[in-house]
Amino acid sequence: MDKQTIVAPMTPNGVSAVAAIRVSGPQVRQVVKALFGEKAVAGLKSHMAKLGTAKWPYDVPGAFANGCRAGAVIDSLLYLFFEGPNSYTGEDVLELYPHGNPLIVRDLLQACRMVEGVRLAEPGEYTRRAFLNGKMDLTQAESVADVIHSANRSELENAHRLLGGALSKKVAALTAQVKDISARMELDVDFAEEEADPDYAGWETRFVAIRESVQGILDSFRGKAEVGRLPLVVLYGAPNAGKSSLVNALLGEDRILVSDIAGTTRDFVEVRLFLDGGEIRLVDTAGLAEKAADALDALSMEKSRQILAEADMKILLVDSSNEQLTINNEQLLMNGTAPDLILHTKADLAACHCERSEAISNCSLAISSKTGTGLAELKSALNSRLFKNRENSEDLWITSEREKACLEEALAGIDRVLAQLRSNPAVELLAFEMQVVRRALQSITGEISSEDVLQSIFAGFCIGK
C-alpha cells in the first residue's frame, strides 16, 4: 500500500458556512505540528474535537504567496484527530473544519502539502485505504458511492443496508457452505485410491439450495441507469391554465416566466423538485389547444406531446375560473392523453364548476398557486405515487455490474456441478468447479481481488471519499 499521507477536501467547492478537509496517513501528526504547533501535537487525543488557529508553516514562494508568510494566520477552525486503526481509513486521520471560503480551503490544502510525504488524494483513495486496511469489504466500499448519490429514500435505505454488510453476510454464508463442500471434496480427492467412490446422494440438495440463494441475489440486480433515473412528471393543459405558476409555487421561487398572455411558454421547461421520498423531474409544457395558432405554436404542442409520452405521471391542469377553458380541456382529454391526476387551478378565483368526464381518472384536486391551497395535498399525491413504500423493508438489491458478473460466474459453476453430479463424474472435476464457484463468491467481497478491479471501482469516486 502507498505509505504517503493524502489530503483532500470532503465538501464541494464553493462558499459555505463550514468546509471539511481530511488528511490520512503516517504524517498526520506532522501536519498537526505544522499547522498548530508542538503543543497541539503533545495534546492530541483521539476522537476529541479541538479549536485551533492554523498558520502557514513556511513562506510560500511565488506570486501566489501574497500574505502567505510563515506564521501568518490561515484560519481559526475546529479539528479532529482519529488514531488508527480506529478511523475511517484505518490510519491516523485528521479532519479540519475551516470556514467555507474557497480561499481558506485552498490555503489549508497548500499548507498540508508543505509537509514532506503529503500529497493530494486520488478519487476514492480514502475508501480504497479503508478496504485495504480491513475496515470494510468491497461490497461495502462500493455502496459508499451509492449512499452519496442516492436520489430517493428507497435507494438510500438500500445503500445503507449494503454499507452495513447485509449483502456481505449473505455472500459470506454462501461462501462458507461452498468451502465446507469443497473441503469434503478435497478429502475425497486425496483418498480416492483408498476408498470406494464417494456418495453424491446428499450433495445435489445442498447445491440446489446454494443455487437458489445465488439466483435470488442475482435477480435483485438493478442497473445504475435504472436506479439513478429520476421520475418524470409532466404538467399539461390549455394555454394559460396555470402550469408555470404552479411550478413556481411548488419550487417556492419565480423560476419560470409567468404572464396573462396565453402561450408564454413555448418550449417545455424542466426543473428538479424535492419531495419527502426523493427528487423528481418536473416539466412545464407549452399549452395544448385544439388548433395551433401558427407553425411555431404547432411545433411547441408537438414537443409537449413527445415529452408526455415519456412521463411517469401526467397531470392535466384545468382553469376552474374559466368555463370555456374547462370545456377545451375536456375536449382535449377525450381526444388525447388520459391524465393520472387532474388539477383544477385558480381555485381562489372561482369555485370549480368542472364536470368530471367519464374518460378521466377520479383523482383530482382543486389548487391555487396564489394562496397555496392544495399544494401540500399535491406533493403528498406525487410522493405516494412515485415513491411507493416497499412491503419488505429488509429486501435489498445490488447495483454493481461487477457483483452481478461475479454472481453469474458462480451460478454457471454451480450449474456445471449439478450437471456433473447427475452423470457420476470424477470427484476431481467436481472439486475444480467448486473452486471456481468459491473464487467467484470471494471476489464479490474482495477476499480475492486484482489491482485492475480496485482501480476500476475507486476511480469513479469523488476526490474526498
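This is a predicted model: local features need pLDDT of at least 70, side-chain atom pairs count only at pLDDT 80 or more; totals for chains, interfaces and linings use all residues.
A residue is counted as buried when its relative accessible area is under 20%. Phe207 belongs to helix α8, which spans residues 203-219. The C-alpha atom of Phe207 lies 9.3 Å from that of Gln177, a residue 30 positions away along the chain.

Side chains of opposite charge can pair when their charged atoms come close. The structure contains 19 salt bridges. One of them joins Glu447 to Lys179, with 3.4 Å between the closest N and O atoms. This pair connects distant parts of the chain, 268 residues apart: Glu447 is located in the loop between α15 (427-445) and α16 (451-458), and Lys179 in helix α7 (residues 166-190). Both partners are partly exposed, Glu447 at 48% relative accessibility and Lys179 at 36%.

A salt bridge is also formed by Arg385 and Asp340, whose closest N and O atoms are 3.3 Å apart. Arg385 lies in helix α13 (residues 375-386) and Asp340 in the loop between α12 (323-335) and β13 (341-345), so the contact ties together parts separated by 45 residues in sequence. Arg385 is partly exposed, at 35% relative accessibility.

In a further salt bridge, Glu433 and Arg416 meet at an N to O distance of 2.9 Å. Glu433 is in helix α15 and Arg416 in helix α14 (residues 401-421), 17 residues apart. Glu433 is buried, at 9% relative accessibility, whereas Arg416 is partly exposed, at 35%.

Methods:
Residues are numbered from 1 along each chain as its sequence is written. Side-chain values use heavy atoms; hydrogens and water are left out. Helices (H or I, at least four residues) and strands (E, at least two) are DSSP runs, numbered from the N terminus. A salt bridge is a side-chain nitrogen of Lys or Arg within 4 Å of a carboxyl oxygen of Asp or Glu. Buried means under 20% relative accessible area, exposed over 50%, partly exposed in between (1.4 Å probe, protein chains only).
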